[in-house]
Amino acid sequence: MRKILCLWFVIVFITIAQNKSINQRVDSVLQLMTLEEKIGQMNQYNDDWKATGPVTVDNDKASQVRNGQLGSLLNCLGTERTRSWQTIAMQSRLKIPLLFGQDVIHGYKTTFPIPLAEACSWDLEAIELSARIAATEASAGGIHWTFAPMVDIARDPRWGRVMEGAGEDPYLGSMIATARVRGFQGKTLGAVNSVMACAKHFAAYGAAIGGRDYNSVDMSDRLLWEVYLPPFKAAVDAGIATFMNSFNDINGVPATGNSYLQRDILKGAWKFEGFVVSDWGSIGEMINHGNVKNGYEAALSAVTAGSDMDMESRNYKNHLTQLVTAKKVPMTLIDDAVRRILRKKFELGLFDDPFKYCNAEREQQELNNPDHANSAREIAAKSIVLLKNDNHLLPLSKKTKTIAFIGPLVMPLKQNKGFWDIELPGVDSNFIVSQWEGVKNKIGAGSTLLYAKGCEIEGNNKEGFPEAVKTAAKADVVILSIGERRDMSGEAKSRSDISIPGVQEELLQALLATGKPVIVLMNAGRPLVFNYTADNAPAILYTWWLGSEAGNAIADVLFGDYTPSAKLPITFPRSIGQIPIYYSHFNTGRPAHNDNNHNYNSSYTDLSIYPKYEFGYGLSYTTFQYSNLHLSKKTMARNDTIEVSVTIANTGTYAGEEIVQLYLRDKVGSIVRPVKELKDFKKIKLLPGESNTIQFIIDDEKLSFYNQQLHWGAEPGDFDIMIGASSEDIRFQESFELIQ
Ligand code: GLC
């Protein structure tokens, strides 16, 4: 009896201890910390393995960790290495565990399509699953925290990091941000297969003037709120654990030292309880900006503005003690930042078990899970956009007798990974399926696959043309794989000329001259300008960078095992001269309604006003008919709703998926409103001959916008509703009125 009672007391005690609120546990640690240990938590270094920015070299990281002067490491991979660092952290006085952060942007060991490609799927479940698998693998590799999703709206394809986000639209971008946060963080932070997510780069980094990375951003607060902030707010609403600020100045104030962004909006209006990490050395970079004189002022500005953790710049480590001693920085600011960081370490369970994510057996298991590759293949196929398919050239028959597969991107493996892939130390990443291998795996025994490189990605050497032409002449059909190098997009990869590099389009011209049908695969991390190809190739698939399963996914689409369903999340300009160009533009006082009239209207005298391919565009192997648009009412009172229904039928011969888009236009507003804005979409799967009626709900929220005083709300008046297969291919248009 006595033993049972003792056991009972022990169980009760443990339960009470565990249920003690995390905040109380945070405070109990905080009270024990010295100022130097507090500042240590606000300090993050790059590990010595690989850098993703300009590094500061110091050789005493281990002693700094042992002295509690470091809260986190980034670019530290694998259970062995993270365990070794965590072991050192457990030698510190208070044994506060380290956080390990990593850019797990589109996969850890299994590489998924680049985020902009995934966004083309408009498939929120698939995008969430992709992030879920990335989190499962990363957490198995000792990682607690990914610096993703990148949710920057981008409307300038010259900017190299357009590849990392979800395109130009706030609504689609917000939905995808939510899906990615859910995928990375799972249902509860602290599950061993979840990682903290990080919304970046706060804010408006994608609006860099000239599309030049790190360049200034200048915009009205109203535009910031209407277009660039919504995906960040969606991430907060999804419970995201962390934010990362951005390198750019916005309206003359560097984001890192921008109290309006980080205190008024993020931690004030949005009540964000996580923490903000600087982007790399952005705290120190405020000196370059000319916003502060030195590191001392940089640290003062950044911590005052709400930057909680200093990645790599060492200005918090070098100056915060003096700033607190000089009473320039109140201890309450330090305590707030440290509480935010410690709270996440408690939520992850690291105080209960610092080695929770250092399980070598789980690492082996999850990094070799075949299900992950299958999922990567599925979402890669969903990310491929069919831009053109004259005379139904696609899909190809698997019995096609002779196929010539030509171009500089047929054989490469790693090119398919795109930017921000992860090269795991000691892990052979050659498990990628090349485009050649994918097609080879797909065709029948009776088919012959010929190869010629033709030319390099860059340079003007055409010596390979004759061989390529000869190879094409022997084939029934030619597949040409061309585009950028994978590192022509990504961080610090802005291009002033976004045409296809080198002589690749001339190679296409030479192949077309053979009279053989040519299918072009376009590989890139951004919208390219490729008018010759677009106008002359009979079939074009935009294959982006599709990751580990690229070859299999491309073959699935080429041979009809998957009917392409993707639609563009970003406008494709027909010329750099059109940039910035996006679908949700204002009407102006002199709209040019077509390309034939330049008489005193908003048009170019030398170029079309229309893009090459519009937002929401993408073809299928089948066809879809839209019918029976119905609105439940034509006038809507405030806080009321209108039910919208439309019937979609698959009128073709292939099973396929259609992304039905709902756009609204507020005809008159105190702030002029865009000619259309995406406000909802549904992706439906239909067999040949099958039809389905889908519903949308229009409510106040969908009619609202930020007025001159930045108040969010809807104004009474007339609205157009448009249902389309793209932002230009509008199948139905109706009007309704919002009454007071
Ligand atoms: C880089 C990037 C940021 C990344 C960080 C850590 O400079 O701007 O997106 O998460 O540094 O690698």
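Let's begin with how to read it: the model is predicted, so local features need pLDDT of at least 70 and side-chain atom pairs count only at pLDDT 80 or more, while totals for chains, interfaces and linings use all residues. Residues are numbered from 1 along each chain as its sequence is written, and side-chain values use heavy atoms, with hydrogens and water left out.

Along the principal axes, the C-alpha atoms fill a box of roughly 85 × 65 × 65 Å. Of the 740 residues, 61% count as buried, where buried means under 20% relative accessible area, exposed over 50% and partly exposed in between (1.4 Å probe, protein chains only).

Now to the ligand. It is surrounded by 13 residues, and the closest are Thr52, Asp103, Arg161, His201 and Asp279; a residue is near a molecule if one of its heavy atoms lies within 4 Å of it. By class, this shell has six nonpolar, two polar and five charged residues. The classes put Ala, Val, Leu, Ile, Met, Phe, Trp, Tyr, Cys and Pro in the nonpolar group, Asp, Glu, Lys and Arg in the charged group, and the others, Gly among them, in the polar group. An oxygen atom of the ligand lies 2.5 Å from a polar side-chain atom of Asp103. For the side chain of Asp279, the distance from an N or O atom to a ligand oxygen is 2.6 Å, and for that of Lys200 it is 2.8 Å. The protein covers 100% of the 310 Å² of accessible area that the ligand has on its own, by the Shrake-Rupley method with a 1.4 Å probe.

Next, look at the sheets. Strands of a sheet pair through backbone hydrogen bonds, either parallel or antiparallel. Five strands form an open, parallel sheet in the order E4-E3-E2-E1-E10, with E4 (145-146) and E10 (310-311) as the edge strands, each pairing on one side only. Two strands count as paired if DSSP finds at least two bridges between them, and E3 (residues 99-102) has two to E4. Gly101 has Trp145 as its bridge partner in E4.

Strand E20 (residues 656-666) has eleven of its eleven residues buried. It runs antiparallel to E21 (residues 677-686), joined by nine bridges, with Leu662 partnered by Asp680. E20 also pairs with E25 (residues 717-724) in the antiparallel sense over six bridges, and Gln661 stands opposite Gly724 there.

Finally, find Ser246 in the loop between E6 (242-245) and E7 (249-250). Ser246 is buried, with a relative accessible area of 0%. Its side chain makes a polar contact with the side chain of Asn248 (2.7 Å), and a polar atom of the Ser246 side chain lies 3.1 Å from the backbone nitrogen of Ala203. A polar contact is a pair of N or O atoms within 3.5 Å; within protein, one must be able to donate a hydrogen and the other to accept it, and residues adjacent in sequence count only if both atoms are side-chain atoms.

Methods:
Helices (H or I, at least four residues) and strands (E, at least two) are DSSP runs, numbered from the N terminus.
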